[in-house]
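Subject: Handover of a structural model

Dear colleague,

Please find below the sequence and structure that I am passing on to you. My notes on what was found in the model follow directly after it.

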Amino acid sequence: MSEISPVPIDPGRSSNLLAALRRASPVRLAVAAIILASLIHFWFADHVELVADEAYYWVWSKHLASSYREKGPAVAWTIALSTRVFGDTAFGVRFFAVVLSAGVGWQLFRLARRLYDDHVALWCLAVGLIMPMFSVGSILMTIDPLSVFSWAWALILFWAALETGRIRHWLALGFVIGLGFLSKFTNGVQLACVAFFLLWSKPHRSLFFSRQTVAMMAAFLVAITPILYWNSQNGWAQLTSLHSRSGVQSSFGIHPQEFFKFVGGELGVISPLLAIGMAVAAFGLIRKQHSELRVRFLLSFFAPLAGIFLFFSLNKAGKENWPAPALITGIILTVVFWRPIMQNSPRWRLALWPALGIPILMTVLVHATDLWKPPAKLDLLRRAQGWHDFAAHVQRARTNHAANILIGSHYSTTSMMQFYLPDHPVTYVPKRERGKSQFDHWPGYEATTNSRALYITQSLNPVSDAVQRDFPKCELVDEFMSLHRGRPMSRFRIYLCTPR
């Protein structure tokens, strides 16, 4: 047998590849990067179980309405459309999450390119694609993909409106901000950001009270008509929900631990060096280039939103994803500030490797938990694991005890049951005196002498008083840890509850 000679490696190939990439059209490179990232996200979208909020919004999509207690209707309408095409599967729920995230990448590239140049735009896209918040969030069909996409689109429309002065751009701006508001009320802050920029920019100050801004506000009100209608029919329930979610129940207090908890969360989802670099960039540009129009534009859509959530975190830490829309202009500020510094200083250029390497590593580790198998408490995908096993336990108890009512202690458990049980049965939360979730706006269960209910909870506390009023006799029939590939995830208890 003749010996097979190894294929010689041409050292010039890598340099030729780099040269070809440099010659390639920036637009083609951007499109190729977005498509590649989207293919990866589509694969993960079909191989990672839902998180509770996704299942909750999926339940909303089975009860289409003009709005819902906690949020606007856009997320439910979007999931209803995708599941109608792809079915009630994880991929069906998440299809538009990946599409919208690809759209966010493209809008980020377009905005940076329009404001600066191709190289800045490509760097901004690269940072956006590797940032853990955007990379992991790209497969989750929550309100955030819709919110961030609308925010980014509105930024481009606003810049076009400033350049052209055309009423149609102002109308489109108001309408798109309204579309974002239909998914996340945070997008309403964008109107304040527009006002902030108009007051800050002397050449545009006359637009603050003008037919352009009147047109913008009129289009915004038209877009949010579904929310206004729903609230008028439901006692403005969303105002109560917003107040409870703000963390300010009675009075505002200063709690430093809450502030540092929020900041720590942001360092985690953005990545430490990128988050610190973004903060330094914002302060640095305020100090050195605050009079430059583009910098004022970017800061106007970054500082107010970031500042609002930092302020409220002094009282109670918010969710890490709440300031997500501000990251669009935050990324551009970061690249604009640090790129010339790194070009002119080899020492600072060395910092680029950990600045980009850490978020890449973080993103890979989050996506690959099945390979390195961290303890459940350290597994950032824990919320999306073990639900198939959970549903199998519930289905066995349902069959063994001939249960005809399924009650979850929380909207998350209730929604996951409805999604992962094979027949997608109607599920309920305990009856309460006042609403806690959207389930309280739908018909509840009817307890009869023949009712046999399963009450499923993660709590170690006794069965809910609301359930025991209807079902005085409740006995524990199963207690288990849900498993994901043999690893324990979350503990549950199943009670069989009967009228006697």
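**The β3–β4 hairpin**

Strands β3 and β4 form a hairpin with two residues between them, and R485 in the turn has a positive phi of about 50 degrees. The model is a predicted one, in which local features need pLDDT of at least 70 and side-chain atom pairs count only at pLDDT 80 or more, while totals for chains, interfaces and linings use all residues. Residues are numbered from 1 along each chain as its sequence is written, and side-chain values use heavy atoms, with hydrogens and water left out.

Helices (H or I, at least four residues) and strands (E, at least two) are DSSP runs, numbered from the N terminus. Strands β3 (residues 473–484) and β4 (residues 487–498) run antiparallel and are joined by ten bridges; two strands pair if DSSP finds at least two bridges between them.

R485 lies in the loop between β3 and β4, and its positive phi occurs although R485 is not a glycine. R485 is exposed, with a relative accessible area of 63%. Here buried means under 20% relative accessible area, exposed over 50%, and partly exposed in between (1.4 Å probe, protein chains only). W236 is another residue other than glycine with a positive phi, near 50 degrees. W236 sits in the loop between α12 (225–233) and α13 (237–245) and is partly exposed, with a relative accessible area of 41%.

**Cysteines**

The structure holds one disulfide, a disulfide being a pair of cysteine sulfur atoms within 2.5 Å. C474 and C497 form this disulfide, with their sulfur atoms 2.5 Å apart. The torsion about the S-S bond of C474 and C497 is about 120 degrees, so the disulfide is right-handed. Because C474 lies in strand β3 and C497 in strand β4, the pair ties together parts that are 23 residues apart in sequence. C474 is partly exposed, with a relative accessible area of 22%, whereas C497 is buried, at 0%.

C124 is in no disulfide, and the nearest cysteine sulfur, that of C193, is 18 Å away. C124 is buried, with a relative accessible area of 0%. C193 is likewise in no disulfide, the nearest cysteine sulfur being that of C124, 18 Å away. C193 is also buried, with a relative accessible area of 0%.

**Nonpolar cores**

A nonpolar core is a set of buried Ala, Val, Leu, Ile, Met, Phe, Trp, Tyr and Cys residues joined through side-chain atoms within 4.5 Å. The largest nonpolar core has 119 residues, of which M131, F158, L162, W170, F297, I328 and F390 touch the most other members. Helix α8 (residues 143–164) gives the most to this core, with 14 residues. Leaving aside residues up to four places away in sequence, M131 touches V269, I270, L274, M278, L327, I331 and T363; contact means heavy atoms within 4.5 Å. A second, separate core of eleven residues includes I405, Y445, V463 and C497.

At 1.5 Å a residue, the 16 residues of helix α20 (residues 352–367) should span 22 Å, and its end C-alpha atoms are 23 Å apart, which agrees. The expected span of a helix is 1.5 Å times one less than its number of residues. In α20, A355, L356, P359, T363, V366 and H367 are buried. They cover an arc of only 105 degrees around the axis, which puts them on the same side of α20; the arc is that of the directions from the helix axis to the C-beta atoms. The face of α20 turned away from its buried side carries the exposed residues W353 and L361. The buried residues of α20 pack against α2 (26–47), α6 (118–130), α7 (132–137), α15 (272–289) and α21 (369–372).

For helix α11 (residues 211–223), 13 residues at 1.5 Å a residue should span 18 Å, and the end C-alpha atoms are 18 Å apart, which agrees. Buried residues in α11 are Q212, T213, A215, M216, A219, F220 and A223. They cover an arc of only 155 degrees around the axis, which puts them on the same side of α11. The exposed residues R211, V214 and V222 are on the face of α11 turned away from its buried side. The buried residues of α11 pack against α9 (167–181), α10 (189–200) and α12.

With kind regards
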